[in-house]
Amino acid sequence: MSRDNMNQAFKRVKANKGTHGIDGMKVDELLQYLKENGETIKKSILDGTYRPSPVRRVEIPKENGKKRNLGKPSLTESFNR
């Protein structure tokens with residue numbers, strides 16, 4: 001929960017440039033969201049009341065024509081990993 005660790009997590013999420021999770025939040029919206037809600041999220045993690053969002057399921061095509069399931073967490077969940 002250190003500031004350095006949180007900054008590194010944010011940079012990894014931003015560098016990934018993935019698609020949104022179930023919350024629909026875009027990567028360019030994350031920093032402002034964390035500025036406004038970061039302390040509340042941190043407190044809920046530390047006191048054990050944090051509840052993660054559901055994961056958005058996406059099917060990824062494979063070379064053999066089949067598909068595999070991929071779980072896409074929300075941006076705030078990616079940040080909290």
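Helices (H or I, at least four residues) and strands (E, at least two) are DSSP runs, numbered from the N terminus. Axes are lines fitted to C-alpha atoms, for helices over the stretch in contact, and angles run from 0 to 180 degrees between N-to-C directions. This is a predicted model, where local features need pLDDT of at least 70 and side-chain atom pairs count only at pLDDT 80 or more, while totals for chains, interfaces and linings use all residues. Residues are numbered from 1 along each chain as its sequence is written, and side-chain values use heavy atoms, with hydrogens and water left out.

**View 1. The overall layout.** The protein has 3 helices and 2 strands, and their order along the sequence is α-α-β-β-α. Of the 81 residues, 22% are buried (buried is under 20% relative accessible area, exposed is over 50%, and partly exposed sits in between, with a 1.4 Å probe and protein chains only). Take the contacts (heavy atoms within 4.5 Å) with a separation of 6 or more: 55% of these are between residues 24 or more positions apart.

**View 2. How α1 packs on α2.** Two packed helices are described by the angle between their axes and the distance between the axes. Here helix α1 covers residues 3–16 and helix α2 covers residues 27–46; they pack at about 150 degrees, with axes 11 Å apart. That makes α1 and α2 roughly antiparallel (angles over 145 degrees count as roughly antiparallel, under 35 as roughly parallel, 65 to 115 as roughly perpendicular, and the rest as oblique).

**View 3. Who touches whom between α1 and α2.** On the α1 side we have M6, F10, V13 and K14, and they meet V27, L30, L31, L34 and K42 of α2. Sorted by class, this contact has 7 nonpolar, no polar and 2 charged residues. For the classes, Ala, Val, Leu, Ile, Met, Phe, Trp, Tyr, Cys and Pro count as nonpolar, Asp, Glu, Lys and Arg as charged, and the others, Gly among them, as polar.

View 4. A15 lies in helix α1 and is exposed, at 57% relative accessible area. Its C-alpha is 9.3 Å from the C-alpha of V27, 12 residues apart along the chain. D28 lies in helix α2 and is exposed too, at 62%.

**View 5. K43 and its partner D47.** K43 lies in helix α2 and counts as exposed at 55% relative accessibility. Its side chain meets that of D47 in a salt bridge, 3.2 Å from N to O (the rule asks for a side-chain nitrogen of Lys or Arg within 4 Å of a carboxyl oxygen of Asp or Glu). D47 is partly exposed, at 42%. Across a stretch of 42 residues along the chain, the C-alpha atoms of K43 and M1 are 9.8 Å apart.

**View 6. The salt bridge of E59 with K67.** By the same rule, the count comes to 2 salt bridges. In this one, the closest N and O atoms of E59 and K67 are 3.9 Å apart. E59 is partly exposed at 49% relative accessibility, whereas K67 is exposed at 56%.
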